[in-house]
Amino acid sequence: MLAAALLSATALQEQKSPQDMNRFIDALMKRMTVEEKIGQLNLPVTGEITTGQAKSSDVAKKIEQGLVGGLFNLKEAARIRDVQRLAVENSRLDIPLLFGMDVIHGYETIFPIPLGLSCTWDMAAIEESARIAAVEASADGISWTFSPMVDISRDPRWGRVSEGSGEAPFLGGAIAKAMVYGYQGNNLKEQLKRDDEIMACVKHFALYGAGEAGRDYNTVDMSRNCMFNEYMYPYQAAVEAGVGSVMASFNEVDGVPATANRWLLTDVLRKQWGFQGFVVTDFTGISEMIEHGIGDLQTVSARAINAGVDMDMVSEGFVGTLRKSVVEGKVSMKTLDTTCRRVLEAKYRLGLFDKPYKYCDLARPARDIFTKAHRAAARRIAAESFVLLKNDSVKQHSGALPQPLLPLKKQGTVAVIGPLGNTRSNMPGTWSVAARLDDYPSLYEGLKEMLAGKVTVTYAKGSNLLGDAAYEERATLFGRSLNRDNRTDRQLLDEALKTAAGADVIIAALGESSEMSGESSSRTDLDIPDVQRTLLEALLKTGKPVVLTLFTGRPLTLTWEQAHVPAILNVWFGGSEAAYAIGDVLFGDVNPSGKLTMTFPKNVGQIPLFYNHKNTGRPLADGKWFEKFRSNYLDVDNEPLYPFGYGLSYTTFQYSDIALSTPTMTQDGSITAVVTVTNTGRHEGTEVVQLYIRDLVGNITRPCAS
């Protein structure tokens, strides 16, 4: 093998000093042909490879020829070991492969979708979720995850808000760091040395969340002021945390696609921020630039590598055209060598030259994946992510005094009604590609199990997800079908009402299916779907207490629900243990503490609506609705339905003794604020303390709150 041929390669790997790494890679690159260097920049998708059949796979020949640098979306340690063997035992230079996967919010133990995770405001919990994801993914052969996604977005029409952390750049930056530390390790000098740490990839660089009209892959156009003050910080924070790779976004920046934008990928990312890792394109990002209208495959491939892209995901523009571009002088050998070196450095940092089967220990999957401890953490963190949007006092029994509907008492009969009440496959949420969809209980199943002997739990579907069958099919892809019921809407409703009649409390499980948010899942109508609203109205007319348990991957427009439903608990998509976590919160074993990280508008016409907006020369006064010649609407006020930072509790908190411990700014530019928080209610609880500031005078305009 190459390591043996270079004599001291093993020792060099163990020491991992920059000088040793450089000597190792220098020696390796002297032996590499132009084609092999280009091959390191190639990241094809594998498809399925059966264990023991790697040699007959479509990519096997390319691997043996040294024309592949990594693969993605191949799962299971045994399969990956077979494919890695082709690279380190059958190729000329025995260079190991990277194996990447979209490990977005957990591997087989699934945590809440990232937007839900962000609503914990708990950096330790968020880092823990990424740490567990890294342990499980690394146990199954994965060395690289395409996470975290840190795009700031102010438009809930965009489906991928589910995969991000909301609208706040400072909070987004803190979460970016927590995720990188969870995946790679939180000691910058020791990152990626452990066998259960994997390389992170921050995405999508840059500005992907600001697509026009909330439509995926769409054009982005904004000022540099807006870029750096409102969108760029989370990417920079990930770089500061040592992230090993960065993914270029699909959109254009200043009229140039990000994948070919030298100002973005070199001037900002490398020269300004000091990024030392490698840049990978998004799926077919290079070939898509042909549609942008900036050249043929050879031209856009050359533009990408010259801009600062190091690895081509799927397009095969590099392996297909770069040699010709080098011969023609359109790409220099120095540029090719630099990009190849960056990929090799990542493999070196991961320890793959010394231990190519580092992530292929066949004993680890049974020991480290979907463990009892991991599931307990997922259940705890899921409950922490839920946001209590409303909890009115109601009269639950004759003669009783009105009291908050939640938490529910563990007695009587509870009816779970709604199309999302008994679906296992939708519980994990979007972008849970390694999920064990049949192994996670539905809400109905979970409540029935955990309340056995105390509460009778019944179920009726009540309606389909959507009245439009074709729309429902689009919204339930990737094995997330809700098994559309062919009975009439009336028949489904009558069954639900019969079930409700025998219950003391109704838990209405409504909202979006998991694939109604996520990539390529933009929506213009953010109401709860038609047939579900009809069902909810009918349930409320029964006079029984109704709790709306809202499944969603984005802010919805809930103006009607806020006006009519006594209790609303937003559970996002809580992951593999969501059913149990929902039960914990509904029945009071856990007090909800989640706070929104993205604004809920009253209607779609208010979008974009976000907390850190700028003032105007004609602002509307606080508490006002309409004033002529002020910045407002004729038909609705400027306020959101639920603002950023909003979330109720089963208890109450009092803030007192608020003061600045340092009245003036210290030498390092900081001021410390202190506050006493007292629980004044009857339940134990956790409070997220939020502080908003505003610079009242400056040379440029600033947000009203930040």
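Helix α14 spans residues 297–307, and its buried residues are Gln298, Val300, Ser301, Ala302, Ala304, Ile305 and Ala307. The model is predicted.

## A six-stranded sheet

Six strands make up an open sheet with mixed pairing. Their order is β11-β18-β17-β16-β14-β15. The edges are β11 (387–391) and β15 (456–460), each of which pairs on one side only. On average, neighbouring strands of this sheet are turned by 20° against each other, direction ignored.

Strands of a sheet pair through backbone hydrogen bonds, either parallel or antiparallel. Here, β14 (residues 413–417) and β16 (residues 505–511) run parallel and are joined by four bridges. Ile417 stands opposite Ala508 in β16.

Helix α22 (residues 530–541) lies across β14, β16 and β17 (546–551). Its direction is about 165° to that of β16.

## Cysteines

The whole structure holds zero disulfides. Cys201 is in none: the nearest cysteine sulfur belongs to Cys340 and is 18 Å away. A disulfide needs the two sulfur atoms within 2.5 Å.

Cys201 is buried, with a relative accessible area of 0%. Cys360 has 2% relative accessibility. The cut-off for buried is under 20%, so Cys360 counts as buried.

Note on methods:
Residues are numbered from 1 along each chain as its sequence is written. This is a predicted model: local features need pLDDT of at least 70, side-chain atom pairs count only at pLDDT 80 or more; totals for chains, interfaces and linings use all residues. Side-chain values use heavy atoms; hydrogens and water are left out. Two strands pair if DSSP finds at least two bridges between them. Helices (H or I, at least four residues) and strands (E, at least two) are DSSP runs, numbered from the N terminus. Axes are lines fitted to C-alpha atoms, for helices over the stretch in contact, and angles run from 0 to 180 degrees between N-to-C directions. Contact means heavy atoms within 4.5 Å. Buried means under 20% relative accessible area, exposed over 50%, partly exposed in between (1.4 Å probe, protein chains only).
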